[in-house]
Amino acid sequence: MSRTGNNPIAIPEGVTVEVKEDVITVKGKLGELSQEFSGAAVKVEDGQVFVTRPSDSKEHKAKHGLYRSLIFNMVHGVSKGWVKELELVGVGYRASNQGQTLDLAIGFSHNIIFDLAPEVKVETVSEKGKNPIIKLSSHDKQLVGQIAAKIRSFRKPEPYKGKGIKFVGEQLRRKAGKSA
């Protein structure tokens with residue numbers, strides 16, 4: 001059984017954590033995040049955040065670990081940030097960006113133009129002989145993951161040749177083709 005909820009969260013320098021009733025707010029150099037919580041108690045002492053549960057019921061145990069993970073992700077995000085990298089695998093697949101607009105050429109009759117949230121920074125890297133890479137970065141882990149999943153859904157990697165949009169380092173399940 002996991003004991004994740006019992007581990008304290010260290011607060012790095014330049015990060016402030018405020019707890020008001022049932023809302024926790026974390027501020028840092030990269031931004032500000034807040035999260036509502038219930039079924040757990042959060043307190044800040046000696047540069048650490050402690051999450052405790054009122055009882056050992058199944059619901060309180062589940063929320064204990066959940067809110068500890070969410071708070072850790074918020075603290076890490078406002079201090080260091082989160083980055084997701086996507087790789088375009090396929091002949092003629094291209095990606096470019098102008099500000100917060102991502103332009104994808106991924107084998108359809110038209111380019112896909114995707115507007116990103118202002119909290120997410122996008123960067124496209126295209127080197128000759130290598131697959132294009134899209135780098136998404138933000139202080140909000142949930143938002144970066146959601147946008148990365150949306151971009152991946154435009155052209156998921158297929159199991160035969162592996163063409164499509166995949167996360168960098170993702171292991172694909174490959175299938176054998178027709179056997180003669």
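Predicted model: local features only at pLDDT ≥ 70, side-chain atom pairs only at ≥ 80, totals over all residues.
Reader: Which residues make up α1?
Author: Helix α1 covers residues 58-79.

Reader: Which residues of α1 are buried?
Author: Among them are H60, H64, Y67, R68, L70 and I71. Further along α1, the buried residues include N73, M74, V75, G77, V78 and S79.

Reader: Take H64. Why does it count as buried?
Author: H64 has a relative accessible area of 3%, and the cut-off for buried is under 20%, so H64 qualifies.

Reader: What does H64 touch, leaving out residues up to four places away in sequence?
Author: With those left out, H64 touches G5, N6, V51, T52 and R53.

Reader: What does α1 pack on?
Author: Helix α1 packs on a sheet, where it touches β2, β3 and β4. The direction of α1 makes about 170° with that of β4.

Reader: How is that sheet put together: what order, and parallel or antiparallel?
Author: It is an open sheet of 3 strands in the order β2-β3-β4, with antiparallel pairing. At the edges are β2 (16-20) and β4 (31-36), each of which pairs on one side only. From one strand to the next the twist averages 15°.

Reader: How many bridges between β3 and β4?
Author: Strand β3, residues 23-28, pairs with β4 over 6 bridges in the antiparallel sense. As an example, K27 has E32 in β4 as its bridge partner.

Reader: Changing topic. What does UniProt list for the domain?
Author: The unreviewed UniProt entry lists "domain: Large ribosomal subunit protein uL6 alpha-beta" at residues 11-81 and 89-166.

Reader: How much helix and strand in each span?
Author: Residues 11-81 are 31% helix and 38% strand, with the end C-alpha atoms 14 Å apart. Residues 89-166 are 17% helix and 37% strand, and there the end C-alpha atoms lie 8 Å apart.

Reader: Which strands does β7 pair with?
Author: Strand β7 (residues 82-89) pairs with β12 (residues 133-138), antiparallel, over 6 bridges. There, E85 stands opposite K135. β7 also pairs with β13 (residues 164-167), again antiparallel, over 4 bridges. In that pairing L88 has I165 as its bridge partner.

Reader: Now R152. Where is it, and is it buried or exposed?
Author: R152 lies in helix α2, residues 141-153. Its relative accessible area is 18%, and buried means under 20%, so R152 counts as buried.

Reader: What does the R152 side chain make a polar contact with?
Author: The side chain of R152 makes a polar contact with the side chain of E170, at 2.8 Å. Leaving aside neighbours within four places in sequence, R152 is in contact with residues including L86, P157, I165, K166 and F167.

Reader: Last one: where is L116, and what is its relative accessibility?
Author: L116 sits in the loop between β10 (112-115) and β11 (121-125). Its relative accessibility is 8%, which means that L116 counts as buried.

Reader: What does L116 touch, not counting residues up to four places away in sequence?
Author: L116 touches Q100, L102, V122, L136, I147 and I151 on that count. The C-alpha atoms of L116 and I11 are separated by 30 Å, and the two residues are 105 residues apart along the chain.

Definitions and conventions. Residues numbered from 1 in each chain as written. Heavy atoms only, no water. UniProt positions renumbered as here; feature names shortened; annotations may be inferred. Helix = DSSP H or I, 4+ residues; strand = E, 2+ residues; numbered from the N terminus. Pairing = 2+ DSSP bridges. Axes fitted to C-alpha atoms, helices over the stretch in contact; angles between N-to-C directions. Contact = heavy atoms within 4.5 Å. Buried < 20%, exposed > 50% of the residue type's maximum accessible area, 1.4 Å probe, protein only. Polar contact = N/O pair within 3.5 Å; in protein donor to acceptor, adjacent residues only side chain to side chain.
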